[in-house]
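Please look over the sequence and the model below. The report then goes through a sheet and a helix beside it.

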Amino acid sequence: MTQTTKYVVGITDHMIGVPDIEADVLGPDVAIDFFATTNEAEFDPERLARLDALMVWGAKIGPRSVAHLSRCRGVVRYGVGYEKIDLAALEKAGIPFANNPDYGVEEVADHAMAMILSLHRRLWEHDARARNYRTGWQVHSLKPLSRSNKATVGVVGVGRIGTAVVNRLKPFGFHILGYDPGQPPGHEKAIGYERTESLEALLARSDIVTLHCPANAKTFGLLDADGLARLKPGAIVVNTARGELLDDFDALEAALRSGHLAAAAIDTLAKEPPDDHPLLTAWRDREDWLAGRLVITPHNAFYSDQAAVEMRRNAANTVRILLDEGRLRNQVRDGS
């Protein structure tokens, strides 16, 4: 450390090179300790003990690490989700935690919209099947295939990203339902959607369901076998939120095979890369029954060149404000 160093900020890991952007935002009085690993077991207790703040990308932070964060003023996650962060352990230790919700909103909303429109128009299925057409080219239109203004989209979670999706859906003419008990009465009037008072009502009425809620004790397995059974027959599901919301591959495969679920698009999985499963084998092998009906992207809905920079700058700025003012913006509390 140089003589001008006042603080030490730890960075567990991140997916994009060295923490040069973070260093620029944090300033010359901050020394960065880059652990460069997602494996919590590799965190040196002595290095943890000297941190004034900790920034986390993909690593788990549990009681083992928290016990050594003796001078840490706060833990900040680069992303929005925090399933790997033990909030109870942090609160017990008196260490506040913040996530980073104010980046990548446009990218995730655009990604969800691309999935919604492509599955609704059955583009991937047309593409997969058209490879084998040798005669009667134009007669192979897939049915059913409705107009946008004859279809209903249910948005589960109408926060930042859910609202951005609602705003993108409106010009296409979709009827839009929204379910979010965290939004105050009248939110639906300001944004422009029909509020449902229960998730069940939304699932039963929606031709397309798009998920934009956090993963927590109330939402884990939101679309398990029971949740999928509540969907309108022939519905489409899009998940750009958290993998834990749609984590039952057995149920998902059964719903797709039976046709109860017309199609699904998934950007985030509970385990990445995923373990082997018959559904994923069918997807990888482009089996005919699943052609164009299951779309999986590798958890990059958040990404654009601009969002990658914004994410890192915003997270580092949250730490800088904490060090300068003792105030942690975007704070998340256990049970919130």
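V153 has I208 of strand 9 as its bridge partner. This is a predicted model. Strand 6 (residues 152-156) and strand 9 run parallel, joined by 4 bridges. Strand 9 (residues 208-211) also pairs with strand 10 (residues 235-239), again in the parallel sense and over 4 bridges.

Here are the bridge partners given for these strands.

| Residue | Bridge partner | Strand of the partner |
|---|---|---|
| V153 | I208 | strand 9 |
| I208 | I236 | strand 10 |
| L211 | N239 | strand 10 |

Strand 9 is covered on both faces. I208 and T210 are buried on one side. V209 and L211 are buried on the other.

Helix 5 covers residues 105-120, which makes 16 residues. From first C-alpha to last it reaches 22 Å, close to the 22 Å expected at 1.5 Å a residue.

Is helix 5 mostly covered or mostly open? It is mostly covered, with 12 of its 16 residues buried. Among them are V105, V108, H111, M115 and L119. E107 and S118 are buried too. After helix 5 comes R122, which has a positive phi near 60°.

How values were computed: Residues numbered from 1 in each chain as written. Predicted model: local features only at pLDDT ≥ 70, side-chain atom pairs only at ≥ 80, totals over all residues. Heavy atoms only, no water. Helix = DSSP H or I, 4+ residues; strand = E, 2+ residues; numbered from the N terminus. Expected span 1.5 Å × (residues − 1). Buried < 20%, exposed > 50% of the residue type's maximum accessible area, 1.4 Å probe, protein only. Pairing = 2+ DSSP bridges.
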